[in-house]
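Keep the viewer open as you read.

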Amino acid sequence: MAAAVYLSAAVVDQLTAAQRVLDEHITSSASGYCQRCHLVGPCSANDQAVATFTRYGRLPRRTPGATQPELINARRLAANAEATPDLTRRYQP
């Protein structure tokens, strides 16, 4: 049985600030640069925010499409098996 883990208000504040940094310092899929500070990504601010989440064993929230994958012609794959039979077929030796 897993025990409940509670975080102090100071830790919650640190995680909130780290999430804000991650939301601002996004590495673009197209250029590979941080969209906020224009350095090759991930930038040091992004790395520090990730370290904060790692320290407390938490995962950050992700915003779908934030890295602008459409700039490199990325597209969604269909989720149903009928539309993509090759992706769901098991290997038969």
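A residue is called buried when its relative accessible area is under 20%, exposed when over 50%, and partly exposed in between, using a 1.4 Å probe and protein chains only. By that scale Q19 is buried, because its relative accessible area is 5%. Before going on, please note that this is a predicted model, in which local features need pLDDT of at least 70, side-chain atom pairs count only at pLDDT 80 or more, and totals for chains, interfaces and linings use all residues. Residues are numbered from 1 along each chain as its sequence is written, and side-chain values use heavy atoms, with hydrogens and water left out.

Q19 lies in helix α1; helices here are DSSP runs of H or I with at least four residues, strands are runs of E with at least two, and both are numbered from the N terminus. What does Q19 touch, not counting residues up to four places away in sequence? The answer is F53, P60 and R61, where contact means heavy atoms within 4.5 Å. The Q19 side chain also reaches the backbone nitrogen of R61 at 2.9 Å.

Now look at how the helices pack. Two packed helices are described by the angle between their axes and the distance between the axes. For α1 and α2, the axes come within 9 Å and cross at roughly 145°; each axis is a line fitted to C-alpha atoms over the stretch in contact, and angles run from 0 to 180 degrees between N-to-C directions. On the α1 side, Q14, L15, A18, Q19, V21 and L22 take part, meeting A45, N46, A49, V50, T52, F53 and R55 of α2.

Within the model, the largest nonpolar core has six residues: V11, L15, A18, L22, A49 and F53. Such a core is a set of buried Ala, Val, Leu, Ile, Met, Phe, Trp, Tyr and Cys residues joined through side-chain atoms within 4.5 Å. Both α1 (9–24) and α2 (44–55) supply at least two residues of this core, and α1 gives the most, with four.

Finally, find Y56 in the loop between α2 and α3 (85–88). Y56 is partly exposed, with a relative accessible area of 26%. Leaving aside residues up to four places away in sequence, Y56 touches V11, Q14 and L15. Its C-alpha is 8.9 Å from that of L7, although Y56 and L7 are 49 residues apart in sequence.

Definitions and conventions: Polar contact = N/O pair within 3.5 Å; in protein donor to acceptor, adjacent residues only side chain to side chain.
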